[in-house]
Amino acid sequence: MQAAVLPATGIGMAIAALGMVVFLRRRRGSPRVQFFLLAVLAGAAMLDMVAERLTGMPPQPESAMAVPAVLNNLLLGHTLVCVFYGAVAYLITRTQSAWEDKVLVWSAAGLVAVLTGVARVYLGADWPTEIISRWALALTWLSAALVVAAIIEQSVADRDAPEKVLDLDGQGADALPTPPSVVDLGRPEVSINGLSRSAVAERQKRGEVNILIERSSRSIKDILTANVFTRLNALLVGLFILILLVGGTQDAVFGLVVVANTVIGVVQELRAKRTLDRLSVLVAPRARVVRDGEVHELPTDQIVIDDVVECRPGDQIPVDGILLAAEDLEVNESLLTGEADPIARARGELVLSGSFVVSGSGRLQAVQIGEASYARRLARVARKFSLSQSQLRDGVNDILRYSIWALVPTTVVLYASQLLYGPAGAQGAAVSSVAVIVGMIPEGLVLLMSTIMAVAIVRLSGQGALIQELAAVELLARVDVICADKTGTLTEGQSTLEEIVPAGAVADGAAPVLPEEVRDVLGVFAHDDASPTASSLALREACARPDAAIWSVAGSVPFSSSRKWSAFAFARQGTWLLGAPEVVLAGVEGAGALLARVQALAGSGKRVLALVSSSEPIALAGKTHTLPSIRQPRALIVLGEKIRTDVARTVRYFEEQGVSVKIVSGDHPETIRAIASQVGLHPGQQAFDARKLPDDPAAFSEIVEGCDLFGRVTPLQKRRMVECLRADGHVVAMIGDGINDVLAIKEADFGIALGSGTAASRAVAQLTLLRDDFAALPAVIAEGRRVIGNVERTANLFITKTAYVFAMALAIGIAQAPFPFLPRHLTLISFITIGIPGIFLSFANGGSLVRPGFVGRVLRFSLPAGAIAAAATLLAYTAARALAPDYAGLAQTAATIALAGNGLVVLWLLARPQHLRHRLFMAVLPSILLLVLAFRPLRDFFALQLPNLPVWLTIIAINIVAGWILLKTRRFSAAKSGPARPHRPERAPDE
């Protein structure tokens, strides 16, 4: 047992320190390690000396010791020993990545602290109560030190760290992974008909399945860890144990508040997790997998190595694969490389996971799956540089940082003052210091913020909105410009065929008799399963599939949003093209009448396509993707779309909220103008033809800023528009559902996808509208603004408490007067003015357009309010002492009532209750304090006394004056905040 105390000696700790420094120098090479260790140990040594004075216990007699005198003289204070090994464990675990290693190191440190303490008691070197108190002191001090270290480190990182840039050249230590090559992969080719059932079973048995380490929400373990095992909780638990040792159980009531806050946070996050997990199943990515010659639609996590995956336009490639077949296949790899131009892929070439199919079709063999795929390896590197997009979280962290910075010197000043001049001596000084620390820590603020966001996710799920990340709730509330495609927002997204007009009927006024060959060729376009579009699907009912023997396809060009046309070449009937009239009829002789008819139809809100034919072979049109030089108009196809019934109300809401809606569509500008006018969106405004947009950046930006309706927009132009709007300081949301929207969704501050849209659009969006309901967006924006408003009001409550405790502690420390509160008093005040009201505010409705300067607004209100409350409280305390000098408890009661009253005034100013039930709730809060004063058991538990009439009148008069000053301060703070305006958040690098 004597050997067990060796780590607690100076020699043992010196050896451990030397080994730790050598280890960390090899791993980190930072002088901050030694500085941190020395600072923490110096504080622990001081705590040991203070603890000896507090307990005042005599040393064990030498006859009762089983430890040699020499060894006993080498023993250091047990607080110092525990803190030393805890600090060593913390510094070592910072160099470890595996959680198992971290648990092992912390367990070893805890084992050393326990064994050395038990050994000291067993050998008679210390009393059992001494060791227990030292453990509590060590836990408290180490927790506080780690909180301060984390905050300072974050501050230094935010100030000094240069912006990280991904090493695109592949030369740095954090270089992007190199895409695999076909030669390196070297897997044997499988049949284009896919694997057999037995081959799939073998691969599943070997674990060769496309499993991704990714969740729609945090795991239960992560939720518990984030809410329970926090540094602030560790600090409060240490204080809880300390107050039990030196104070009483009544002053440890704040521990129950910590438990209650933690339980509420865990329950709400678990509720949000269940909601997210349930909704995520509805939009989980799926793929068409070929097995035994049949195509099956399966979740992507059921793909095995060597599976054959069929790819069609709009599909996001789920795995790295080698093409076994490709028909005019073009893929976009912008999400991986940033290159926006489509890339043609042929048989035998590699396609990467994360890219998406723009046009054509193909089948690929899965050669790299799961975490080994290129997209996943790229994401792991990119995540190292990801930044938080949550301004609320950043603001709350700043507030916590300021609170901790103020906490340490204030506590030191107060403790020294109470120790030297206080009437209760060292024990009273410790109790007062604990009261200050507990009062200044806004421990429930972080938990309430998480709870507010978790509740918002649950609420939004009822609107059919799936949030992909927690911070997205607040991000959409900051949006002031929404860019949207016409399809799916103004209209329901499904086109219907209204009319097929032969070209001859327009040109010379002949009878509208549709030639049979026109109907047949439209049937080919309509039943093109390789590259279906919304327009071609609208033709299926009216145009049957023609005889393949007659209409034998020799080649094809799939539709592209950039080209705005598609084509088929037939063995005997030549080349036929279907696309935008302004494109396929451009330069065609005698097409003026047709284009005029198109203009008239578009002006009434119709979508129009033109069908032309050519005698030139498909090679000229397909290989170079240029139109044939000789084209003959054959027909106009008129399509209609149903306008959403609730879109007008939604548009009005956005206008009232100061959110601009811009329509960016590939349709004819006149179609955009007509439909927008029908729903009351920018009536009278002409739609700009995006083909006329200038290349000059300044001129381009000026047009995008000044115009709200755009037609014939290409995918690259959509992305460029979003870039310009963001560069002008707007917070931009992009709504889309197709391949042509992916680049803009990715570029926007906030991406929104329709649930029925392509997998690629859903993959890059932060919000998915499961019901394709554009009218759900007002509820989403309102929820985001409610979240931000409630977090700000809650932060005002917590920081006001921090401010008045800080002001009182500082004033008392300087004045060398007794601290007017016990911990139980502040716990009661917090329960009445912050705990219950904080939950009430977190679920309140309402919210205005978000303004920048969250931290500034909170401090502008909270600091003056806290100072006023502190001044009123100290004045009431002093007046009560003067009125009843022999009753110190009565003065503490007067201070408690005064502070609670000021806290309720602050709450009223922040909540501004409008409804009767809210006012009744506000009336209940002071009733709780009166109930405590009225019932003797509660009054005795909280160490309160019934004030006499003069004291009551004094408290009421002081609070009336203080309330009036608080009202004026609130108005001044609101005026300084300025009018509401949007604020663009910091953008996180692409992952």
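**Strand, sheet and helix packing in the model**

Q: Which residue of strand 13 stands opposite A567?
A: A567 stands opposite L577 in strand 13. Please note that this is a predicted model.

Q: How many bridges join strand 12 to strand 13, and in which sense do they run?
A: Strand 12 and strand 13 (residues 574-579) are joined by six bridges and run antiparallel.

Q: Why is strand 12 described as largely enclosed?
A: Six of the six residues of strand 12 (residues 565-570) are buried, so the strand is largely enclosed by the rest of the structure. W565, A567 and A569 point one way, while S566, F568 and F570 point the other way, and all are buried.

Q: Changing topic: in what order do the eight strands of the open sheet come?
A: The order is 8-21-20-19-9-16-18-17, and the pairing is mixed. Strand 8 (465-467) and strand 17 (688-689) stand at the edges with a single partner strand each, so one side of each has no neighbour in the sheet.

Q: What packs on that sheet?
A: Helix 27 (residues 715-727) does, touching strand 9 (481-484), strand 16 (660-664), strand 18 (709-711) and strand 19 (732-736). The direction of helix 27 makes about 160 degrees with that of strand 19.

Q: How do strand 20 and strand 21 run, parallel or antiparallel?
A: Strand 20 (residues 750-754) and strand 21 (residues 767-769) run parallel, joined by three bridges. L754 has L769 in strand 21 as its bridge partner.

Q: On to the helices: at what angle do helix 32 and helix 33 cross?
A: The axes of helix 32 (residues 854-883) and helix 33 (residues 888-911) cross at roughly 155 degrees and come within 8 Å. The cut-off for roughly antiparallel is over 145 degrees, and helix 32 and helix 33 are therefore roughly antiparallel to each other. The crossing of helix 32 past helix 33 is right-handed.

Q: Which residues meet there?
A: Helix 32 contributes residues including F861, A865, A869 and Y877, and these meet a set in helix 33 that includes L890, A891, A898 and L910. The residues of this contact divide into 16 nonpolar, three polar and one charged.

Q: What about L323, buried or exposed?
A: L323 is buried, with a relative accessible area of 1%. L323 belongs to strand 4 (residues 320-332).

Q: What does L323 touch, leaving out residues up to four places away in sequence?
A: L323 touches L329, R345, A346, R347, G348, E349, V351, R363 and L364. As for A366, it is 43 residues from L323 in sequence and 9.1 Å from it in space, C-alpha to C-alpha.

Q: Finally, how many of the 10 residues of helix 25 are buried?
A: Eight of the 10 residues of helix 25 (residues 669-678) are buried, so that helix is largely enclosed by the rest of the structure. Among the buried residues of helix 25 are P669, E670, R673 and I675.

Q: What follows helix 25?
A: G680 follows helix 25, and the phi of G680 is positive, near 80 degrees.

Notes. Residues are numbered from 1 along each chain as its sequence is written. This is a predicted model: local features need pLDDT of at least 70, side-chain atom pairs count only at pLDDT 80 or more; totals for chains, interfaces and linings use all residues. Side-chain values use heavy atoms; hydrogens and water are left out. Axes are lines fitted to C-alpha atoms, for helices over the stretch in contact, and angles run from 0 to 180 degrees between N-to-C directions. Helices (H or I, at least four residues) and strands (E, at least two) are DSSP runs, numbered from the N terminus. Angles under 35 degrees count as roughly parallel, over 145 as roughly antiparallel, 65 to 115 as roughly perpendicular and the rest as oblique. A crossing is left-handed if the near helix is turned anticlockwise from the far one by less than a right angle, and right-handed if clockwise. Contact means heavy atoms within 4.5 Å. Ala, Val, Leu, Ile, Met, Phe, Trp, Tyr, Cys and Pro count as nonpolar, Asp, Glu, Lys and Arg as charged, and the others, Gly among them, as polar. Two strands pair if DSSP finds at least two bridges between them. Buried means under 20% relative accessible area, exposed over 50%, partly exposed in between (1.4 Å probe, protein chains only).
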